[in-house]
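Biologist: I have this one open on my screen and would like to go through it with you. Can you take my questions as they come?

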Amino acid sequence: MIVEMQWIAISQIERLNVLFPIWLCVAGGVLICLGWPTVLMGQESVTLPASNDLEEVYQACVLCHGTKEMQRGPILDGLPAWYIERQLSKFASGLRGQQEENRSALLMIPVVQQYSDPRLWAKLAKRFESLPKPDHIKTIRGNPSQGKLLFAICASCHGPRAQGNLTINAPPLNVQEDWYLMDQLRKFKMDWRGSDPEDVEGNLMRNIAKIYSINDLKDIVAYIVRMEKDVEANNSDALKEGVVAEPER
Ligand code: HEC
Ligand code: HEC
């Protein structure tokens, strides 16, 4: 049950457009439809329950991170708890999500303001970690064979199967959807993520992303999301698979 409502206005969110409040109306009931007027004034309203109850907060997370409603953020199911907690603490301390141009990351700021207790983050993170990684639709067109060659450098930190490496805080790359991997790589390249001097890992990743062209990165991502298969054998199929338009972000 939503005990109290807290209104959070996030201005200038371009791509998270008019559909957002309509969808919240459906998801959250009549009260949330009050968000309409602010939308017409060029603002968005997101409602987060003022509660520290794990289930209620989890439901608020999956408004954006779920697979059922209109998806706004990455699917977190199956990501390791340590990485989820670490990113929440980066959003909270301002190491991530401060660039105005990075509108989707701005969405996480009111979330960590509302839910600022690291003990709650730990519980949420465990909850997401325990969920099976869903099968994802592939949307990025790239050449996986080429990507396999380029992936060698990524593997030095993210592991040969892209399984991640806790000792250097490198997340797995074999859990997220391909569009999200590509989206974040673009953001590293454009200094939209990892540009705070105190964000050591972000800085590292930003410098690495800059070495590669967008096409190289697409090849790498195409390889990552297909690496469980025999890449050589599936290469021709894989190239044909980009049926869904790559989202513009
Ligand atoms: C209003 C939508 C919204 C809500 C609500 C929301 N998130 Fe997010 N979250 C996002 C978006 C969008 C991103 C991607 C940000 C980017 O592009 O950098 C994100 C990113 C993240 C990331 C980083 C993922 C990664 O792979 O780097 C974590 C972790 C996260 N959110 C956890 C949560 C948790 C836990 C909650 C609930 C307490 C939550 N989010 C609620 C929209 C939301
Ligand atoms: C020197 C170690 C290192 C190398 C090499 C490296 N990474 Fe990373 N990568 C990291 C770390 C550490 C992070 C976590 C950054 C953070 O905390 O924000 C990361 C984050 C990422 C993310 C964000 C994941 C998410 O869920 O948001 C992507 C995507 C990524 N790396 C892809 C790559 C690719 C592709 C390559 C090869 C071109 C690569 N990385 C090479 C260390 C590395």
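Biologist: What share of the contacts with a separation of 6 or more comes from residues 24 or more positions apart?
Modeller: In this predicted model, residues 24 or more positions apart account for 69% of those contacts.

Biologist: How many helices and strands does the chain have?
Modeller: There are 12 helices and 2 strands. In sequence order the pattern is β-α-α-β-α-α-α-α-α-α-α-α-α-α.

Biologist: And what percentage of the residues is buried?
Modeller: Buried residues are 30% of the 249 in the chain.

Biologist: Let's do ligand 1. Which residues are closest to it?
Modeller: Cys61, Cys64, Gly73, Ser104 and Ala105 are the closest, out of 23 residues that surround ligand 1. Two or more residues of that shell come from each of α3, α4 (81-93), α5 (103-106) and α6 (108-114).

Biologist: Which element gives the largest share?
Modeller: Helix α3 does, with 6 residues.

Biologist: Which of its residues are buried?
Modeller: In α3 they are Val57, Ala60, Leu63 and Cys64. These residues cover an arc of only 100° around the axis, so they are on the same side of α3.

Biologist: Why would a spacing of three or four places do that?
Modeller: An α-helix has 3.6 residues a turn, so residues three or four places apart point the same way.

Biologist: Which α4 residues are buried?
Modeller: Tyr83, Ile84, Gln87, Leu88, Lys90 and Phe91. Their arc around the axis is only 160°, which puts them on the same side of α4. Among what covers them are α6 and α7.

Biologist: What comes after α4?
Modeller: Glycine 94 follows α4, and its phi is positive, near 85°.

Biologist: What about the largest nonpolar core; how many residues does it have?
Modeller: That core has 20 residues, and those with the most contacts inside it are Leu76, Leu79, Ile84, Leu124, Ala125 and Phe128. Helices α3, α4 and α7 (118-129) each supply at least two of its residues.

Biologist: What does leucine 76 touch?
Modeller: Leaving out residues up to four places away in sequence, leucine 76 touches His65, Ile84 and Phe128. Apart from this core lies another, of 19 residues, with Phe151, Met205, Ala209 and Ala222 among them.

Biologist: On to ligand 2. How many residues surround it?
Modeller: 22 residues surround ligand 2, and the closest are Cys154, Cys157, Ala170, Glu201 and Met205. At least two residues of the shell come from each of α8 (144-158), α9 (178-189) and α10 (200-211). By class, the shell has 14 nonpolar, 7 polar and 1 charged residues.

Biologist: Where is lysine 189, and what is it in contact with?
Modeller: Lysine 189 lies in helix α9. Setting aside neighbours within four places in sequence, lysine 189 is in contact with Ala209 and Lys210. Its C-alpha atom is separated by 8.8 Å from that of tyrosine 212, 23 residues apart along the chain.

Biologist: Is lysine 189 buried or partly exposed?
Modeller: Partly exposed, because lysine 189 has 19 other C-beta atoms within 10 Å, and a buried residue has 20 or more.

Biologist: What is the phi of asparagine 169?
Modeller: Asparagine 169 has a positive phi of about 60° although it is not a glycine. This asparagine 169 is in the loop between α8 and α9. With 14 other C-beta atoms within 10 Å, asparagine 169 is partly exposed.

Biologist: And aspartate 191, where is that?
Modeller: Aspartate 191 is in the loop between α9 and α10. The phi of aspartate 191 is positive, about 65°, although it is not a glycine. Aspartate 191 counts as partly exposed, with 14 C-beta neighbours inside 10 Å.

Definitions and conventions: Residues numbered from 1 in each chain as written. Chains lettered and ligands numbered in written order. Predicted model: local features only at pLDDT ≥ 70, side-chain atom pairs only at ≥ 80, totals over all residues. Helix = DSSP H or I, 4+ residues; strand = E, 2+ residues; numbered from the N terminus. Buried ≥ 20, exposed ≤ 12 C-beta atoms within 10 Å, placed from the backbone. Contact = placed C-beta atoms within 7 Å. Arc of directions from axis to C-beta. Near = placed C-beta within 6 Å. Core = buried A, V, L, I, M, F, W, Y, C linked by C-beta atoms within 7 Å. Nonpolar A, V, L, I, M, F, W, Y, C, P; charged D, E, K, R; others polar.
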